[in-house]
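Hello,

Here is the structure you were waiting for. Please open it alongside this email; my notes follow below.

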Amino acid sequence: MPKGIYKHKKLTLKTRKKMSITHLGVKNTKEHNNNISLSHIGIALTKTHRIALSLAHKGNRHTKATRKKISLSLIGNKRSLGSNTLGYKFTQASKIKMSIARKNFLKNPKKHPNWLGGLSFGNYSSKFTIGLKRKIRKRDKNICQLCDKRKYGEELAVHHIDYNKKNCKENNLIALHRRCNTKVNTNRDYWFAYFAYNGEGR
Ligand SMILES: [Zn+2]
């Protein structure tokens, strides 16, 4: 079949449904899967697509074997911890620029790209008590659920997986280093999906 024959033709919903039914239960060959995977390299998902994926997978659990595989593939991958600046050396000039920007954001936090309308002040549920936080830290054995290391110094922070501070169900709470907690406050869709998948026994 010539390549790109469908390029400008938009399929109707009816046709797409038909195609989806005919493909049900049909397994692609390894080669075909490889081709699909290669054709997707470098193509970023849209935000809506990512949210849809995350919702579609909500509540699904990876098997132990898959989780092991994911975890092994992430070893040494510093980006997987949500920071793309780890190990990166900034020049003196950009350090000064960053420091000025930080000071400006402290004066006017509303200008910060991560500003979400002052959510971090107030809005906590009255159920989010010291006792509950202690319980969560104890359940997580005082191990940070992001980097898997024990607490050092101060107590671990207790994080709301769905970012809803009123949802204080125990399966929505995890213990994190304060540093690690800061990391998960950006890229929220990603971290929500990450902790929702990886939550075993919560
Ligand atoms: Zn940590």
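Tyr163 is partly exposed because 16 other C-beta atoms lie within 10 Å of its own. (Buried means 20 or more other C-beta atoms within 10 Å, exposed means 12 or fewer, and partly exposed is in between; C-beta atoms are placed from the backbone.) Tyr163 sits in the loop between β1 and β2. Its phi is positive, about 65 degrees, although Tyr163 is not a glycine. Most residues other than glycine have a negative phi.

Two notes on the source. This is a predicted model: local features need pLDDT of at least 70, side-chain atom pairs count only at pLDDT 80 or more, and totals for chains, interfaces and linings use all residues. Residues are numbered from 1 along each chain as its sequence is written.

Lys141 also has a positive phi, about 55 degrees, and is not a glycine. Look for Lys141 in the loop between α6 (130–139) and β1. Lys141 counts as exposed, because it has 9 C-beta neighbours inside 10 Å.

Back to the loop between β1 (157–160) and β2, where Asn172 is also placed. Asn172 is buried, with 20 other C-beta atoms within 10 Å. Leaving out residues up to four places away in sequence, Asn172 touches His160, Ile161, Asp162 and Asn167. (Contact means C-beta atoms, placed from the backbone, within 7 Å.) Phe195 is 23 residues from Asn172 along the chain, and their C-alpha atoms are 9.2 Å apart.

Now the whole protein. There are eight helices and two strands. (Both are DSSP runs, numbered from the N terminus: helices are H or I, at least four residues; strands are E, at least two.) From the N terminus, the order is α-α-α-α-α-α-β-β-α-α. Of the 202 residues, 8% are buried. Take contacts between residues at least 6 apart in sequence: 63% of them join residues at least 24 apart.

The largest nonpolar core has 13 residues. (Such a core is a set of buried Ala, Val, Leu, Ile, Met, Phe, Trp, Tyr and Cys residues joined through C-beta atoms within 7 Å.) Cys144, Leu146, Ile174, Ala175, Leu176 and Cys180 have the most contacts inside it. β2 (173–176) and α8 (188–198) are the elements that give two or more residues to this core. The largest share, four residues, comes from β2.

Last, helix α5 (residues 92–107). Its 16 residues reach 23 Å from first C-alpha to last, close to the 22 Å expected. (Expected span is 1.5 Å times one less than the number of residues.) The number of buried residues in α5 is zero, so α5 lies largely in the open.

Best wishes

Key:
Two residues are in contact if their C-beta atoms, placed from the backbone, lie within 7 Å.
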